[in-house]
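Please look at the sequence and the structure below. The paragraphs after them go through a few of the features one at a time.

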Amino acid sequence: PALAQLVAEQAAAAGGGRFSLGLSGGSLVGILSRHLAAAAAGPAAPARWLVAFCDERLVPPEHPESTGGAYKVSGAGPGRAGEALLPPRAGPDRC
């Protein structure tokens, strides 16, 4: 919960401006899937977040090794979850 709270506090501190967040895969997916949605509400809501998947592999989002796909499947993110963190056209064909 501490990491999710820190992310939410930093997002809220952006004061309505853009908040940039780099996410890696691995165990971070599970940590954030459990806690970020609850923490990122109100002034920390993700409408102005810019999310980058730092270790993304060049595979489709549905591939087992896709970091972005792992977040989407896990529900790790504000709103309905990981889908809120993914760019609308995420995928190797949009790089």
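Does Ser66 count as buried or exposed? The model is a predicted one, and in it Ser66 has a relative accessibility of 3%. Buried means under 20% relative accessible area, so Ser66 counts as buried. To find this residue, go to the loop between S2 and H3. From there, the side chain of Ser66 reaches the backbone nitrogen of Gly69, at 2.9 Å.

Another residue to look at is His63. Its place is in the loop between strand S2, residues 49-53, and helix H3, residues 67-74. The relative accessible area of His63 is 33%. That value lies between the limits of 20% for buried and 50% for exposed, so His63 is partly exposed. The side chain of His63 reaches a backbone nitrogen, that of Glu65, at 3.0 Å.

Now turn to a pair of helices. Helix H1 covers residues 2-13 and helix H2 covers residues 27-39. The two pack with their axes 8 Å apart, at an angle of about 55 degrees. Angles under 35 degrees count as roughly parallel and those from 65 to 115 as roughly perpendicular; H1 and H2 are therefore oblique to each other. Their crossing is right-handed.

Which residues meet where H1 and H2 pack? On the H1 side they are Leu3, Ala4, Gln5, Val7 and Ala8. On the H2 side they are Leu28, Ile31, Leu32, His35, Leu36 and Ala39. Sorted by class, this contact has 9 nonpolar and 2 polar residues, and no charged ones.

Methods:
Residues are numbered from 1 along each chain as its sequence is written. This is a predicted model: local features need pLDDT of at least 70, side-chain atom pairs count only at pLDDT 80 or more; totals for chains, interfaces and linings use all residues. Side-chain values use heavy atoms; hydrogens and water are left out. Axes are lines fitted to C-alpha atoms, for helices over the stretch in contact, and angles run from 0 to 180 degrees between N-to-C directions. Helices (H or I, at least four residues) and strands (E, at least two) are DSSP runs, numbered from the N terminus. Angles under 35 degrees count as roughly parallel, over 145 as roughly antiparallel, 65 to 115 as roughly perpendicular and the rest as oblique. A crossing is left-handed if the near helix is turned anticlockwise from the far one by less than a right angle, and right-handed if clockwise. Contact means heavy atoms within 4.5 Å. Ala, Val, Leu, Ile, Met, Phe, Trp, Tyr, Cys and Pro count as nonpolar, Asp, Glu, Lys and Arg as charged, and the others, Gly among them, as polar. Buried means under 20% relative accessible area, exposed over 50%, partly exposed in between (1.4 Å probe, protein chains only). A polar contact is a pair of N or O atoms within 3.5 Å; within protein, one must be able to donate a hydrogen and the other to accept it, and residues adjacent in sequence count only if both atoms are side-chain atoms.
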